[in-house]
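Please read this model with me, one feature at a time.

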Amino acid sequence: MNLSIEIDEHSGFCFGVTTAIKKAEEELQSGSILYCLGDIVHNDKECYRLHHLGLHTINHDQYRRLHNVKVLLRAHGEPPETYETAIRNNINIIDATCPVVLQLQKRIQKEYVQSDKDCQIAIFGKHGHAEVLGLVGQTNGTAIVLDSISDVRQLDFTRDIRLFSQTTKPLRDFQDIVRYIEERIQPPATFKYYDTICRQVSNRLPRLLNFCVNHDAILFVCGQKSSNGHTLFNACKSVNKHVYMVEGPDDIDFHWFEGCTTLGICGATSTPKWLMEACREAIYNATF
């Protein structure tokens with residue numbers, strides 16, 4: 001097989017996910033029984049690896065029934081009620097909330113407390129996403145979630161608007177929403193926006209697109225639950241039509257690479273490096 005394979009050095013876990021997994025591994029190595037509220041990362045294979053190390057993933061209903069245990073909060077963050085439950089039930093919280101997300105939560109909470117009750121706090125983010133649920137929780141559930149620019153129509157442009165963003169949303173889409181609101185806000189109503197997108201994530205996109213155009217084909221390794229992954233995958237497809245998404249080595253169709261001389265392997269902020277390396281080994285060991 002005459003195929004050169006390169007793994008994108010900028011793909012893989014972001015800082016927040018890396019820190020959360022490190023905290024989980026440290027607790028598990030000490031012999032502690034450790035629960036995690038929700039999947040620690042949107043990648044089933046990494047969750048499976050940690051499960052075999054002893055990490056127990058639970059949902060919020062199960063969490064509320066626990067007492068006197070250790071629970072890790074993943075990088076996505078949690079609403080205030082999660083911490084209130086911990087106090088009531090004597091739960092020892094291992095807080096792995098990403099510092100970028102934590103800062104955003106505090107900014108939204110401050111805006112909610114200080115703003116006039118008639119002010120609309122809007123969050124550009126995915127409905128139901130773990131991070132977004134934590135952000136909305138800072139406003140006692142009153143924040144308006146904007147999944148796309150079409151959702152902006154639900155805002156009242158005669159009232160004050162304060163706009164924030166989920167940390168992993170595309171910067172260009174956020175800027176489009178800002179322009180849309182600026183063109184429609186009706187004085188004396190005011191509009192203020194806060195660019196709260198994580199640059200470690202947003203800066204990956206131009207690098208990733210450059211990586212994709214320099215290879216005949218691209219293998220994009222990503223869990224199906226990763227919204228960031230699907231966004232990046234679609235961006236890759238826009239510059240290279242030979243982009244294939246897999247969750248792991250078992251999903252690879254080796255016929256994809258027939259006639260190729262260069263193959264790039266990349267992934268989302270939730271994709272572990274070891275999984276991309278496993279895909280590379282599977283391709284090297286394949287018989288074409």
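The dialogue below takes up a helix, a cavity and some backbone angles.

Q: What kind of model is this, and how are residues numbered?
A: This is a predicted model, in which local features need pLDDT of at least 70 and side-chain atom pairs count only at pLDDT 80 or more, while totals for chains, interfaces and linings use all residues. Residues are numbered from 1 along each chain as its sequence is written, and side-chain values use heavy atoms, with hydrogens and water left out.

Q: Which residues of helix 1 are buried?
A: Buried means under 20% relative accessible area, exposed over 50%, and partly exposed in between (1.4 Å probe, protein chains only). In helix 1 the buried residues are Gly16, Val17, Ala20, Ile21, Ala24, Glu27 and Leu28. They fall within an arc of 125 degrees seen down the axis of helix 1 (taken from the directions from the helix axis to the C-beta atoms), so they line one face of the helix. On the other side of helix 1, Lys22 and Gln29 are exposed.

Q: What do the buried residues of helix 1 pack against?
A: With contact meaning heavy atoms within 4.5 Å, they pack against strand 2 (34-37), helix 2 (44-53), strand 3 (55-58), strand 4 (70-73) and strand 5 (92-95).

Q: Which residues line the largest cavity?
A: Rolling a probe the size of a water molecule over the atoms shows where empty space is left. On a 1 Å grid over the protein atoms alone, a cavity is a set of points where a 1.4 Å probe fits but cannot get out, and lining residues have an atom within 4 Å of a point. The largest cavity is lined by Asp8, His10, Ser11, Arg204, Leu208, Leu232 and Gly267.

Q: Where is asparagine 90, and what is its phi?
A: Asparagine 90 has a positive phi of about 55 degrees although it is not a glycine. Its place is in the loop between helix 4 (80-88) and strand 5.

Q: Which residues does the cis peptide bond join?
A: The cis bond joins proline 187 and proline 188, with omega about 15 degrees. Proline 188 lies in the loop between helix 7 (171-184) and strand 9 (191-193).

Technical notes:
Helix = DSSP H or I, 4+ residues; strand = E, 2+ residues; numbered from the N terminus. 1 Å grid on protein atoms, 1.4 Å probe; cavity = no way out; pocket = protein on both sides within 12 Å on 5 of 7 lines; lining within 4 Å.
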